[in-house]
Amino acid sequence: SGGSHSMRTPVTTALAAAPATPHPAFAPPVNLNGHGHYLHWGIVQISAANIVMIVLIGVAFLAALFVPFPKPKGRDGR
C-alpha cells in the first residue's frame, strides 16, 4: 500500500503531550531552549559553553600542577 503514514504509537503520542516543564529540583540554571551563544574570531567560531569548559579544564590543570599533594608523616615527624 502506497502513501505515507504516521509512525506515532500511543507511547510517543503520550510523550509528545507530556508537559515540557521539569521538576524544579532538576531544572537547569539557564534556559536551554534558546539559541546558543557563539564567539567569533575571524574564521574561528566557538560556543560560549565550550569556552567556559575549556577555562574550567585549564584551571583544574593548573591547580593539579601547583597545589601540593599532602605528604604522609613518617616516623620522624616530617
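Residues are numbered from 1 along each chain as its sequence is written, and side-chain values use heavy atoms, with hydrogens and water left out.

The predictor's confidence in each residue is expressed as pLDDT, from 0 to 100. The chain has a mean pLDDT of 77, and 67% of its residues reach 70 or more. Confidence is lowest in helix H1 (residues 10-17), with a mean of 56, and highest in helix H2 (residues 48-66), with 94. Helices (H or I, at least four residues) and strands (E, at least two) are DSSP runs, numbered from the N terminus. Where pLDDT is low, the predicted coordinates should not be read in detail.

An unreviewed UniProt entry places a "transmembrane region" at residues 38-69. UniProt positions follow the numbering used here, feature names are shortened, and annotations may be inferred rather than shown by experiment. In the model, this span is 59% helix and 25% strand, and its end C-alpha atoms lie 38 Å apart.

The largest pocket has a volume of about 210 Å³. On a 1 Å grid over the protein atoms alone, a pocket is an open set of points with protein on both sides within 12 Å along at least five of seven lines, and lining residues have an atom within 4 Å of a point. Grid points are joined across faces, edges and corners, and the volume is the space filled by probe spheres set on the points. Among the lining residues are His37, Tyr38 and Ser47.

Ser47 is part of strand E2 (residues 44-47), and it counts as buried because its relative accessibility is 14%. Buried means under 20% relative accessible area and exposed over 50%, with partly exposed in between (1.4 Å probe, protein chains only). His37, in the loop between H1 and strand E1 (38-41), counts as exposed because its relative accessibility is 64%. Although His37 and Ser47 are 10 residues apart along the chain, their C-alpha atoms are separated by 5.7 Å. Leaving aside neighbours within four places in sequence, Ser47 is in contact (heavy atoms within 4.5 Å) with His37 and Tyr38.

Trp41 lies in strand E1 and counts as exposed, at 52% relative accessibility. Not counting residues up to four places away in sequence, Trp41 touches Ile46 and Ile51.

Technical notes:
This is a predicted model: local features need pLDDT of at least 70, side-chain atom pairs count only at pLDDT 80 or more; totals for chains, interfaces and linings use all residues. On a 1 Å grid over the protein atoms alone, a cavity is a set of points where a 1.4 Å probe fits but cannot get out, and a pocket is an open set with protein on both sides within 12 Å along at least five of seven lines; lining residues have an atom within 4 Å of a point.
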